[in-house]
Amino acid sequence: EKGYINGTLGRVVDFTEENLPVVEIFSGRRIVVAPEDWVIEDDEGNVKASVRQIPLRLAWALTIHKSQGMTLEMAEIDLSKTFEVGQGYVALSRIKSVKGLRLMGLNETALRVDEKVLAIDKEMRERSRINSLKWQEFSEKERKTAWIQFITGIGGTINEKKIAENKRKIVARERKEEKLSKKTISKKSENKEKGGTLNVTKKLLSKGKTIEEIATIRGLSRGTIVEHLRKMKGLGLKIQDNGFKPKSGILRAVKRALSEIRKEKNPDNFLENGDVRLRAIFEKLNEKVSYDDIKLALLFLED
C-alpha cells in the first residue's frame, strides 16, 4: 500500500515541506516515507512500549546470513569467499530478477549442494523407481491388500462402523471447539468494549481532544490515530469531528481523484475488496496531499 517492502532499495532525492524524505526507488517511482510506529499494548489499550522512526537505513554491505528474508530489486553479490554449502542459493534467491544481479565473484563452495542431501535424494529416487516398478506388477487384489496394510499400519481402520464412530467423535469435538472459540471471542469482545485501543481513542475524542492531543496523550503518532479513526468508521462508530476535517479544497481534490481513478478502471489502483488504493489517490494528486489528509478526507467523503 505504501509502495515499499522490507529490502526495497532507492535513494533520497528530496524532502517534503514536512521534512519527510522523498525516496526514488529503482523503478523510477518516488515515495514519501513517513514515520512508522511499532507499538505494544496491553488488553486495556494502554501503550506499554513504542518505537517511532522513519523506516530507512543506509544500504551498506551485509552478510548473506543477514540478508535472509529480504526481497531485493538489485544487488552486487560476492560469492568468492563463501564457506558453507547453500550460501550461494540464499544470496542469489534474494533478487527478484537476474537483471538486478551483479555477480562480483564465485568460488567452488558457493553453489555446492551438501553431500548428505545428494545422497538422500539419490536414495529416495532409487526407492521410488523400484517401488513404482513393483506397483505396476501388482494385481488388483495385491494392490488392495497393500492399501489395507498401509492404512492399518499407520493406525487407521477400514471398518465402516469404526469409521462412522470416528466421524461422530470428530464432529462432536469440532462443535465443542467451535463453542469454546465463540466463548473466547465473546470474552475478548467484552474486554475490548471495556477498554480496547479504539475505545480509548474514542473516549478522548468525546472529550473534545484533537488528533494531535490524542497522539501525545497516548504516545502514538498522528498517523496511528488517523488509522484508529478509519477502523472506528469501518465498525460503524460515529466519528466526532474535533477540528480535524480537511479543508474543502482537499476534500474536493480527493473526491475528484477518486472519480478519475474509478473511470480509468486500472486494476492496479484497486484493492481486492474494490476500494481505491491510497497510493493511487496520492499519485493522482501529484503527491501534494499527505496520506493522513487523504485518509481523513475519505472518512468524510464516505458520509
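Tutor: The model is predicted, so local features need pLDDT of at least 70 and side-chain atom pairs count only at pLDDT 80 or more, while totals for chains, interfaces and linings use all residues. Residues are numbered from 1 along each chain as its sequence is written, and side-chain values use heavy atoms, with hydrogens and water left out.

Student: At roughly what angle do the axes of H8 and H11 cross?

Tutor: Helices here are DSSP runs of H or I with at least four residues, strands are E runs of at least two, and both are numbered from the N terminus. Axes are lines fitted to C-alpha atoms, for helices over the stretch in contact, with angles from 0 to 180 degrees between N-to-C directions. The axes of H8 (residues 222-234) and H11 (residues 291-301) come within 10 Å, and they cross at roughly 20°.

Student: How many residues of the contact of H8 with H11 are charged?

Tutor: Contact means heavy atoms within 4.5 Å. H8 contributes residues including Arg 222, Glu 227 and Lys 233, and H11 contributes, among them, Asp 292, Asp 293 and Lys 295. Asp, Glu, Lys and Arg count as charged; Ala, Val, Leu, Ile, Met, Phe, Trp, Tyr, Cys and Pro as nonpolar; the others, Gly among them, as polar. The contact has four nonpolar residues and one polar, and the number charged is seven.

Student: Is His 228 buried or exposed?

Tutor: His 228 lies in helix H8, and its contacts beyond four places in sequence are Thr 197, Leu 198, Thr 201, Arg 218 and Leu 220. Buried means under 20% relative accessible area, exposed over 50% and partly exposed in between, with a 1.4 Å probe and protein chains only. Because its relative accessibility is 6%, His 228 counts as buried.

Student: Which residue stands opposite Asp 14 in E2?

Tutor: Strands pair if DSSP finds at least two bridges between them. E1 (residues 10-15) and E2 (residues 21-25) pair in the antiparallel sense over five bridges. Phe 15 stands opposite Pro 21, and the residue opposite Asp 14 is Val 22.

Student: Which are the edge strands of the open sheet?

Tutor: The sheet has three strands in the order E1-E2-E3, with antiparallel pairing. Edge strands each pair on one side only, and here they are E1 and E3.
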